[in-house]
Amino acid sequence: MSDYDVIVIGSGAGGGTLVRHLAPSGKRILLLERGDWLRREPQNWQAQEVFVDGRYISQDTWYYANGEPFQPQVHYFVGGATKLYGAALYRLRREDFGVLRHHDGLSPAWPISYEDMEPYYTRAEQLYQVHGARGEDPTEPPASAPYPHPAVSHEPRIQQLADDLAKSGLHPFHAPCGVLLDEGNMPYSKCVRCDNCDGFPCLVHAKSDAEVISVRPALEHPNVTLLTGAEAIRLECNSAGTVVTGVVVDHEGERTSFEADVVVVSCGAANSAKLLLASACDAHPGGLANGSDQVGRNYMFHNSQAVLALSKEENPTVFQKTLGVNDFYFRGGEDFQFPLGNIQMVGKSQAPMFRGEKPGETRFAPTWTLETVARHAVDFWLSTEDLPRPGNRVTLAADGNVAINYAPSNEEPKERLYHQLKEMLADLGMHHGHLLPHHAYLKNEIPVAGCAHQAGTCRFGADPDSSVLNADCRAHELDNLYVVDTSFFPSIGAVNPALTAMANAIRVGDHLLARLSAQPQPEPVHA
Ligand SMILES: Cc1cc2nc3c(=O)[nH]c(=O)nc-3n(C[C@H](O)[C@H](O)[C@H](O)COP(=O)(O)OP(=O)(O)OC[C@H]3O[C@@H](n4cnc5c(N)ncnc54)[C@H](O)[C@@H]3O)c2cc1C
Ligand code: SF4
C-alpha cells in the first residue's frame with residue numbers, strides 16, 4: 001500500500017484548492033509545500049518592506065535564454081502567490097474557451113467549453129467568497145448563480161470615475177473581489193478595507209487567499225498532512241514510464257521520498273515545468289510526460305502595463321481595486337477589430353513604491369514630492385492577452401534552475417489599449433500627458449521577471465502530440481500524474497488567472513474523487 005492516496009505538490013491557487021476539495025473524502029492526502037507559513041508581522045503592511053525591499057519575494061535565480069540571471073517575482077509560502085495577490089477573481093469570458101482571432105494570430109480553443117467550467121466557477125466563487133455585481137460588464141459570461149456577496153463599493157473618487165466613464169458611453173463595472181469584507185457590519189468584518197491589499201500579504205487574514213480559504217480548513221481533517229519546507233526535486237516512475245512511483249523531496253536539509261496512488265503537481269507554471277523536466281528518466285528522456293516535447297512550451301504571463309494617472313484633484317481612495325472596464329476586451333473599435341484586453345484598477349500607489357523613479361519630475365507637476373504624486377495618483381492595470389507560442393518556453397538552466405525564453409506578442413493591441421486609456425481619461429481631470437508607467441507592481445523594469453500571471457507550460461488538450469495533459473488534467477503518458485496549477489491553460493485570456501485555476505482544481509477534484517472511490521484502475525495501455 002502507498003504511503004498516501006494523493007500527494008499534492010504546491011499549496012497555491014491550484015494545489016491548495018484541490019486539497020480543500022479532497023479533504024472531506026477521508027483519503028490520505030500529503031500536501032508538500034517548499035515554502036513556510038507567511039509570518040503575520042507588521043511588515044506585511046509596509047510598502048517599503050514589501051515593494052522596495054522585496055521581503056516576500058523568493059531568492060531564486062532564474063535565467064533568460066541568453067544565460068543572464070534575474071530574480072523572478074515568485075512567492076514560496078503556504079498559499080503560494082495568492083498570499084500576495086490582488087484577489088481580483090474574474091472568470092474567463094465564454095469566448096476565451098474557443099478560438100479567438102487576435103492581431104498577432106489565433107488564441108487556441110480549450111478542450112472543454114465555458115459551459116463545462118461554469119458550475120466550477122460558481123463553486124469557486126462561493127468557496128473564495130467573491131464580491132461582485134452581475135449584469136454590469138458587457139463581456140461577462142453567463143452564470144448559474146449570483147455572486148455570493150455584494151460588490152465592494154467604490155469610494156467617492158472611483159465612483160466619480162465610474163460615473164464619468166459611463167457618461168462617456170463606456171460600461172465600467174464593479175470588479176470581482178475576494179476579500180472577507182462585510183460593509184454592512186464593519187465592526188464584525190474581518191477585512192478592515194485598508195490600502196495594503198494588492199501585492200501585500202493580509203496581516204489580518206481577511207483576503208480570500210489559498211492559505212486562509214483552502215489550506216487551513218483542509219488541515220482540520222485528520223487525513224490531511226502538510227509538510228512545509230518540502231521541495232519536490234524529482235518524480236520517479238516505473239520502468240515502463242506509465243506510473244509515478246515516488247516523489248523525491250528535500251525537506252529541511254534531508255532528502256526523502258514519498259509514494260502515493262495519485263500525484264498532483266501544482267508548483268506554479270514555471271516550477272511545474274521545471275519539476276517535470278528534472279524528472280527525465282529512461283522511459284521519458286526529454287522529461288516526464290514530455291513525449292510531445294510540449295512541457296515548458298507556450299509560456300504566457302499577460303502583456304501587462306501598470307499605469308499611474310495624475311489627477312488634478314487628490315485621490316484619497318483607500319481600497320482602489322473596485323472598478324474594471326472591458327469595453328475593449330474583444331475589439332479596439334471600428335478601425336481595429338481585434339481584442340485589446342482588460343482595464344482595471346490596482347492598489348493605490350504609495351510614495352515608497354516609486355523607489356528610484358521620479359514621477360514628480362513631470363510636466364504636470366515638476367515640483368511635486370513623491371508624497372504629493374502618490375496623493376494625486378489614480379492607478380490602473382492593463383492586460384492584453386499574450387499568445388501561446390512554442391518558442392516561449394521554460395527549460396532547465398545549467399544549474400537546474402528555470403530558464404525562460406520569451407518574445408512578446410500582441411504589442412500593437414497593448415499599445416492601443418494604453419491609447420484607449422489615455423483617451424478615456426483625457427476629459428476626466430486626468431491630463432493625458434500625465435500617464436506614467438508604474439513599475440512598482442512589476443518590481444523592476446524587466447517584464448519577464450514580473451511573472452505573477454505565469455501560465456501555460458503543460459497545456460491540456462485532446463491531442464497527445466500537441467498537449468501534455470488530457471481534459472481531466474492528467475498527463476497523457478502517465479496514469480496517475482495530474483497538473484492543476486495555471487500550467488494547464490492553453491491560452492490565458494486577458495483577465496486575471498487565479499479563479500480559473502481554483503475552479504479547475506475543483507473540477508479535477510471531482511474527477512479524482514470519482515477515481516479514488518472506484519475499483520483500482522487496470523495498468524494503462526498507453527505509454
Ligand atoms: C502580486 C501578485 C498579484 C496578483 N494579483 C492577482 C489578482 O488580483 N487576481 C488573480 O486572479 N491573480 C493574481 N495573481 C496571480 C495569482 O496569484 C496566480 O495566478 C495563482 O496564484 C497561480 O496559482 P498556481 O496554483 O498556479 O501557483 P501558486 O499560487 O504560485 O502556487 C504554487 C505553489 O507551489 C509551491 N512550489 C513551487 N515549487 C515547488 C516544489 N518543487 N515543491 C513544493 N512546492 C513547490 C510554491 O511555493 C507555491 O506555494 C497575482 C500574483 C501576484 C504575485
Ligand atoms: S483590504 Fe482587507 S483583505 Fe485586503 S489587506 Fe486590507 S484587511 Fe486584508
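In which hand does α1 pass α9, right-handed or left-handed? The crossing of α1 past α9 is right-handed. A crossing counts as right-handed if the near helix is turned clockwise from the far one by less than a right angle, and as left-handed if anticlockwise.

This is a predicted model, where local features need pLDDT of at least 70, side-chain atom pairs count only at pLDDT 80 or more, and totals for chains, interfaces and linings use all residues. Residues are numbered from 1 along each chain as its sequence is written, chains are lettered from A and ligands numbered from 1 in the order in which they are written, and side-chain values use heavy atoms, with hydrogens and water left out.

**Helix packing**

Helices are DSSP runs (H or I, at least four residues), numbered from the N terminus. Axes are lines fitted to C-alpha atoms over the stretch in contact, and angles run from 0 to 180 degrees between N-to-C directions.

| Helix pair | Axis distance | Angle |
|---|---|---|
| α1 (residues 13-22) and α9 (residues 498-517) | within 8 Å | roughly 40° |
| α1 and α5 (residues 210-219) | 8 Å | about 35° |
| α3 (residues 114-127) and α9 | 8 Å | about 110° |

Start with α1 and α9. Their axes cross at roughly 40°. That makes α1 oblique to α9. The angle classes are roughly parallel (under 35 degrees), roughly antiparallel (over 145), roughly perpendicular (65 to 115) and oblique (the rest). Contact means heavy atoms within 4.5 Å. On the α1 side, the contact residues include Ala13, Gly14 and Leu18; among their partners in α9 are Ala498, Met502 and Leu512. The residues of this contact divide into 11 nonpolar, 4 polar and 1 charged. Here Ala, Val, Leu, Ile, Met, Phe, Trp, Tyr, Cys and Pro count as nonpolar, Asp, Glu, Lys and Arg as charged, and the others, Gly among them, as polar.

Next comes α5. The crossing of α1 and α5 is left-handed. Ala13 and Arg20 are among the α1 residues in this contact, and Ile213 and Pro217 among those of α5. By class, the contact has 7 nonpolar, 3 polar and 1 charged residues.

α9 also meets α3. These two helices are roughly perpendicular to each other. Their crossing is right-handed. Tyr120 and Arg123 are among the α3 residues in contact, while α9 brings residues including Asn504 and Asp510.

**The ligands**

A residue is near a ligand if one of its heavy atoms lies within 4 Å of it. How many residues surround ligand 1? There are 36, and the closest are Gly14, Glu33, Gly86, Ala88 and Ala498.

Polar contacts are pairs of N or O atoms within 3.5 Å. A backbone N or O atom of Gly14 is 2.9 Å from an oxygen atom of ligand 1. For a side-chain N or O atom of Glu33, the distance to a ligand 1 oxygen atom is 2.5 Å. Asn496 places a polar side-chain atom 3.4 Å from a nitrogen atom of ligand 1.

Ligand 2 is surrounded by 13 residues, the closest being Cys191, Val192, Cys194, Cys197 and Cys202. Its shell has 10 nonpolar, 1 polar and 2 charged residues.

Notes: A polar contact is a pair of N or O atoms within 3.5 Å; within protein, one must be able to donate a hydrogen and the other to accept it, and residues adjacent in sequence count only if both atoms are side-chain atoms.
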